[in-house]
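Visitor: Hi, could you walk me through this one?
Guide: Happy to, let's have a look together.

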Amino acid sequence: MNSKLAGVVAALVLALAACGSGQEGPAGGGTATPDASAVIEIGSLYEPQNLDNTAGGGQGVTEAFNGNVYEGLFRLTDAGKVDNLLAKGYEVADDGLTYTFELREGVKFHSGKALTPADVKHSIERVTAEDSQSARKSSLEAIESVETPDDGTVVVKLAHRSVSLVYNLTYVWIVNADAEDLATAEDGTGPYELGAWKRGSTLSLDRFPGYWGTPPANNGVVFHYFTDATALNNALLTNAVDIVTSQQSPDALAQFTGNPDYKVSEGHSTTKLLLAFNDRKAPFDKPLVRKAVSSAIDDAKLLESIWAGHGSLIGSMVPPTDPWYEDLTKVNPYDVELAKRQLAEAGYAKGFRFTLDTPNYDPHPTAAAFIKSELAKVGITVDINVITADEWYSKVYKNHDFAATLQEHVNDRDVVWYGDPGFYWGYDDKQVSEWIKDAERAKTPEEQTELLKKANRRIAEDAAGDWLYLYPQIVVAASNVSGYPVNGLNSQFYAYGIKKS
Amino acid sequence: MGRYLLRRTAFLLASLLLAASLLFVLLRLLPGDPSNALVSVGATPEQLAAARRQIGSDLPLPEQFASWLGGLARLDLGTSFVSKLPVGSEIAARLSVTVPLTLLAFALAVMVALPVGFLAAWRSDRWYGPLLNGVAQLGVAVPVFWIGMLLVTVFALRLRMLPAGGFPREDWAEPGRALTSLLLPVVTIALVMSASLIRYVRSATVDVLGSDFLRTARAMGESFGGAMWRHGLRNASVPVISILGIELATTFLGAVVVESVFTLPGLGTLLIKGIAEHDYPVIQGVLVVSTLAVLLIGFAADVVQRLVDPRLRAHVGGGRP
């Protein structure tokens, strides 16, 4: 019902926009002065499931809390740079196994307690704990121990080198070790403290008066949560919200572009749409078959039909914001004749038939229908099997019971999953696994980049999956609002710089 | 009446227990795993197992069932797997939206349907009688979400008179704003509900208008208005009351669609989210509370009918009313 409904509303909305309304839109920006007492109303589709990022809080809690309520030792800026945050600096021993972090002084938790090294130790250990649900747990597996030699220092000892340690620590929230409930309450050090969370509706963040750093440019923010993109866009059109964190309704963009009351910004995204093959099972255990399928699908046309000029083709699992990015779109180019030759060579001259497990939410069903029609041209019959997100986890992710599936992968630096033969797609190349393992244990970022470039190239040449396209990251805001992040790397949304005039 | 109330209460509790048990079993028969909602891509088998342990879905089913029924007896609906909040307080917060929404829509629908339905029957020989009936027929056929979207387009997007959706975060602390955000949803439900009510009121009135007792009353010298007031309405109201009970219950359950269209934090949207996340305590809690509400509404309609119609009271000794 939802997509149909969205379509109808979008059509109605477009018709009305064409009639020329919007006379009551926000005032033109630029001329007025920022109002530090303004509260910013933010619209989002990603409500937190709970408030703990180590207990299944999900993408929503990252968006609302990262950098706003909780801070890490380091911050990944919207531009993708790693800055000191609660750490003033750090030193690495020559063997790369001991990291000494110097903590910033004068930092207070929202509860009033001062930050101590014990809190940092506790915070790191809750991510690596046995029952942690953190998606980042495995990236910290090198950590052997965390020590607190004095009042201002934390020492992390590693079992082996981990060149991304500092980067990975940007995701580790520093929480008060004495806090009892972090799933429905918070105790961080960020510029905002939690006001109220009305589940299913809003989450408000108030300025924290005891903040150690620069106070926010606004007087607080309220996240308004929506379950469908149309309702979210209606809220923006009626000034119920000032800004939308991530525009997920390409059809609705037209009503904002070219309207002086709104500003549309396209930044960098890390979300990739994948046609993932089960590399363990015939026919997709043959690289040639996977290459043929990749070459038979016109990714550019798919992207154009879904996102109408937004987004980009990357030809691999690595987005341009990762240091080891390379344009690999030519490795398996769109070429139907090539695809046919490869199929014949692999022994499938007459094609074959497979089931495509397709998550039931956009854009997967649209992409599935497109793939079906493209592959029909080379004699491959696709049976589309629409499943829920929950079924996907059980059937595809846990039981590996699938031939091919569609899925969006949101994180940066996630090419490393191709180094794990136990991962759902079952890509198993000893050399690639070794490169990926060695990359994390590299002495320098340059060495790491070199190894991951090699691995990624091999993965692309093997067509371990078909990386259809990289999503656009589009923020739409009223034009009197400024200072918001446009890249939203890894779903973060720093709110403290947002100004309204 | 005392024995009757006692019997109805026992019946109500038994129904509730049956519903709770059925719910528990049916939910567990569905494919899927509640721990899926807690993990993300990249989770290891150990993390999945830990998630199941945390929420207790690794325990034997009879044990889970006993703890759910035990909690229910203590009026404790448990804790959400996903949000980690007590289900009871989540439901209470949602009821503060869904109950006013349902009652206001119901009141509005009744206020529209009673006079219009009566008029459609009484004046079936004039041009507007059949017209009203036709409009009502049409209203029954139109899907509720379509009406909702139409109202949003006109009153929120075009005229900018009312919000397109959402509920103020101050809740009822600002009654004006809360009512404003409920206005379009209330009208949406009321339009659809009154369409079907009009048809019932009309047919009940048609029956009464052609009845012998009304003709007799007129023959005995009563005016049409007097006869209608003393005999007609009372007779016509018996079937209408039971329909009203059913309609009220349907509206309460059907509010889920309107809540979705208008992004209202009501019971329906909580249920949808719970289902998507396999959050058993939330689904069970919402459905038990809904079942209780429906049973209570049926109970109330029954009592009102007995008060209106003495014939029903006379039968109290015999079989079930």
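**Sheets, helices and the chain contact**

Guide: In chain A, four strands form an open sheet with the order β4-β5-β7-β6 and antiparallel pairing. Strands are DSSP runs of E, at least two residues, and helices are runs of H or I, at least four residues, numbered from the N terminus; two strands pair if DSSP finds at least two bridges between them. This is a predicted model: local features need pLDDT of at least 70, side-chain atom pairs count only at pLDDT 80 or more, and totals for chains, interfaces and linings use all residues. Residues are numbered from 1 along each chain as its sequence is written, and chains are lettered from A and ligands numbered from 1 in the order in which they are written.

Visitor: Which strands stand at the edges there?
Guide: β4 (87–92) and β6 (143–150) of chain A; each has a single partner strand, so one side of each has no neighbour in the sheet.

Visitor: And how many bridges join β4(A) to β5(A)?
Guide: Five, and the two strands run antiparallel. A:E91 stands opposite A:T100 in β5(A).

Visitor: Which helix packs on that sheet?
Guide: Helix α3 (residues 117–128) of chain A, which touches β5, β6 and β7 (153–158) of chain A. Its direction makes about 170° with that of β6(A). Angles run from 0 to 180 degrees between N-to-C directions, and axes are lines fitted to C-alpha atoms, for helices over the stretch in contact. Contact means that C-beta atoms, placed from the backbone, lie within 7 Å.

Visitor: Switching topic, how do α6(A) and α8(A) pack?
Guide: Helix α6 (residues 287–296) and helix α8 (residues 336–345) of chain A pack at about 160°, with their axes 8 Å apart. That makes α6(A) roughly antiparallel to α8(A) (an angle over 145 degrees).

Visitor: Which residues make the contact?
Guide: Among them are A:L288, A:V289 and A:A292 of α6(A), and A:L338, A:A339 and A:L343 of α8(A). The residues of this contact divide into eight nonpolar, two polar and two charged. Here Ala, Val, Leu, Ile, Met, Phe, Trp, Tyr, Cys and Pro count as nonpolar, Asp, Glu, Lys and Arg as charged, and the others, Gly among them, as polar.

Visitor: What about chains A and B, how many residues does the contact take from each?
Guide: It takes 42 residues from chain B and 42 residues from chain A.

Visitor: Which element gives the largest share on the side of chain B?
Guide: α6(B), with seven residues. That side of chain B, where it touches chain A, divides into 20 nonpolar, 15 polar and seven charged residues.

Note on methods: Two residues are in contact if their C-beta atoms, placed from the backbone, lie within 7 Å. Angles under 35 degrees count as roughly parallel, over 145 as roughly antiparallel, 65 to 115 as roughly perpendicular and the rest as oblique.
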